[in-house]
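Open the model in your viewer and keep the sequence panel beside it. This tour tells you what to select at each stop and what to look for there.

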Amino acid sequence: MGSTEDLDYPQIIVQYSNGFLISKVMFTACELGVFDLLLESGKPLSSDAIAAHLGASTIGMKRLLDACVGLKLLAVEMTQEGALYRNTEISNVYLTKSSPKSQYHIMMYYSNTVYLCWQYLADAVREGRNQYERAFGISSKDPFGAMYRSDEEMLKFMAGQNSVWSICGRDVLVAFDLSPFTQIYDLGGGGGALAQECVSLYPNSTVTIYDLPKVVRVAKEKFVSPEDHQITFHEGDFFNDSIPEAELYILSKILHDWDDDKCIQLLEKVYKACKPGGGVLLVESLLNEDRSGPVETQLYSMNMLVQTEGKERTAAEYSKLLEAAGFGVIQVKRTGKLYDAVLGRKYMRFENDLRLLLSEGGGVLLVESLLNEDRSGPVETQLYSMNMLVQTEEKERTAAEYSKLLEAAGFGMI
């Protein structure tokens, strides 16, 4: 649309003004069970039948259904008996509670928690802090105390996060080949959906969900089956308690909750605990480097202002945090969806595992990290060989391979 048309009729301004109406129509249809009823019925239903089943007024339900048709969440068929409504395919997949990709729970969290906080957006902008105190009468100094203000609210939040990973989890976990990492800690792993996706993609791995005791309790009761033997739990507060040693740490939507100093504090703890050659995977929604978008991430950053102490960041800003904590060889992968991946590695220390190849009587000393002759390990050297692929044209070798190179150059007594 050209600028003249924009000024003649401000279509985009009208759309933006109606944005919250659109969200609330979708949230309300989910909350009342419209999409679930139409899926279960197996056939189109009239507005009167839907209203009767759901205990709603016929006037209100007719208007809600028509609005959903306009939003392409429902389809309508005109018959001699009147209008009959059915779900569109996208609603069957994403808005019904029984679907594996259901977004119902995150919708309910947005409708009942986020929506209320955003009523105080102007206050958040003026004050530069979250609005839990105004929205819920709870201190703004403890964001997660507010989010977990009751078992019911905590369950809603955890279910909502699981919804997100049902559509975004795979992409962030395959952004890099994580198969070399078999011992993984998911810090703040909540309901376990990302951990479940991880062990599904990497069957040789085990994932430990590290979260608050009350979160672990709900995860065990509601989300993670005892039969998921590759998933274990560690109760604690990773800011205040120790972090056990592992090869890879996943921080999904963790750092965006906190300011830079708190992020570095956590990353330094992770770096200290991390095995040499291991790393940390950050899963976040990345801003463009010039902060021009994506618009979803810009809006999420506003939500961080309203709900947390943090913000969304650029890839360069996350890289800077990782480097400040000691991580290097940082890689970034944008998935094209809501969440992206940043992988930082802990440089390996060779003092304890170096072997020396020495040609005496005037010669050359090679200092390298050696692969076993059957290439079965050590894992640090296998990982470092992967790093050579990423950063150089070279590779790590076995002792026999280095010996062959020396012999080809004329050295002996190897």
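Two packed helices are described by the angle between their axes and the distance between the axes. Each axis is a line fitted to C-alpha atoms over the stretch in contact, and the angle is taken between N-to-C directions, from 0 to 180 degrees. Keep that ready for the first stop. Remember too that this is a predicted model.

**Stop 1: a pair of helices**

Select residues 104-118, which are helix α8, and residues 295-307, which are helix α16. At what angle do α8 and α16 pack? The angle is about 75 degrees, and the axes are 9 Å apart. Angles of 65 to 115 degrees count as roughly perpendicular. α8 and α16 are therefore roughly perpendicular to each other.

Now show the side chains at the contact. From α8, pick Tyr109, Tyr110, Thr113, Val114, Cys117 and Trp118. From α16, pick Leu299, Tyr300, Met302, Asn303, Val306 and Gln307. Colour them by class: nine are nonpolar, three are polar and none is charged.

**Stop 2: the whole protein**

Zoom out. The protein has 414 residues, and 43% of them count as buried. Its secondary structure comprises 19 helices and 12 strands. Along the principal axes, the C-alpha atoms fill a box of roughly 100 × 55 × 50 Å. Look also at which parts of the chain meet. Among contacts between residues at least 6 apart in sequence, 65% join residues at least 24 apart.

**Stop 3: the seven-stranded sheet**

Switch to a cartoon view. Find the open sheet of seven strands with mixed pairing. Read across it in the order β6-β5-β4-β7-β8-β10-β9. Which strands stand at the edges? Select 231-235 for β6 and 328-333 for β9. Each has a single partner strand, so one side of each is left without a neighbour in the sheet. On average, neighbouring strands are turned by 20 degrees against each other, direction ignored.

Helix α12 (residues 151-173) touches β7, β8 and β10. The direction of α12 makes about 140 degrees with that of β8. Helix α18 (residues 379-391) touches β8, β9 and β10. The direction of α18 makes about 65 degrees with that of β9.

**Stop 4: strand β10**

Select residues 340-345, strand β10. How many of its residues are buried? Six of its six are. In a regular strand the side chains alternate between the two faces of the sheet. Check that here: Asp340, Val342 and Gly344 point one way from β10, while Ala341, Leu343 and Arg345 point the other way.

Now look at the partners of β10. Six bridges join β10 to β8 (residues 274-284), and the two run antiparallel. Along this pairing, Leu281 has Leu343 as its bridge partner, and Gly279 stands opposite Arg345. Turn to β9, which four bridges join to β10, again antiparallel. Here Val332 stands opposite Val342. β9 and β10 form a hairpin with six residues between the strands. Click Gly336 in that hairpin: it takes a positive phi near 85 degrees.

**Stop 5: the three-stranded sheet**

Move to the open sheet with the order β1-β3-β2, where the pairing is antiparallel. Select 45-46 for β1 and 74-79 for β2. These two stand at the edges with a single partner strand each, so one side of each is left without a neighbour in the sheet. Two bridges join β1 to β3 (residues 82-87). Ser46 stands opposite Leu84 in β3. Then show helix α4 (residues 34-41), which lies across β1, β2 and β3. α4 runs at about 95 degrees to β3.

**Stop 6: two single residues**

Select Cys68 in helix α6 (residues 58-70). Is Cys68 buried or exposed? Its relative accessibility is 0%, so Cys68 counts as buried. Leaving aside neighbours within four places in sequence, Cys68 is in contact with Val25, Ala29, Phe35, Leu73 and Leu74. Draw a distance from its C-alpha atom to that of Ile22: they are separated by 9.0 Å, though the residues are 46 apart along the chain.

Finish at Lys220, in helix α14 (residues 213-223). An unreviewed UniProt entry annotates Lys220 as "binding site". Lys220 is partly exposed, with a relative accessible area of 46%.

Terms used. Residues are numbered from 1 along each chain as its sequence is written. This is a predicted model: local features need pLDDT of at least 70, side-chain atom pairs count only at pLDDT 80 or more; totals for chains, interfaces and linings use all residues. Side-chain values use heavy atoms; hydrogens and water are left out. UniProt positions are given in the numbering used here, feature names are shortened, and annotations may be inferred rather than shown by experiment. Buried means under 20% relative accessible area, exposed over 50%, partly exposed in between (1.4 Å probe, protein chains only). Angles under 35 degrees count as roughly parallel, over 145 as roughly antiparallel, 65 to 115 as roughly perpendicular and the rest as oblique. Contact means heavy atoms within 4.5 Å. Ala, Val, Leu, Ile, Met, Phe, Trp, Tyr, Cys and Pro count as nonpolar, Asp, Glu, Lys and Arg as charged, and the others, Gly among them, as polar. Two strands pair if DSSP finds at least two bridges between them.
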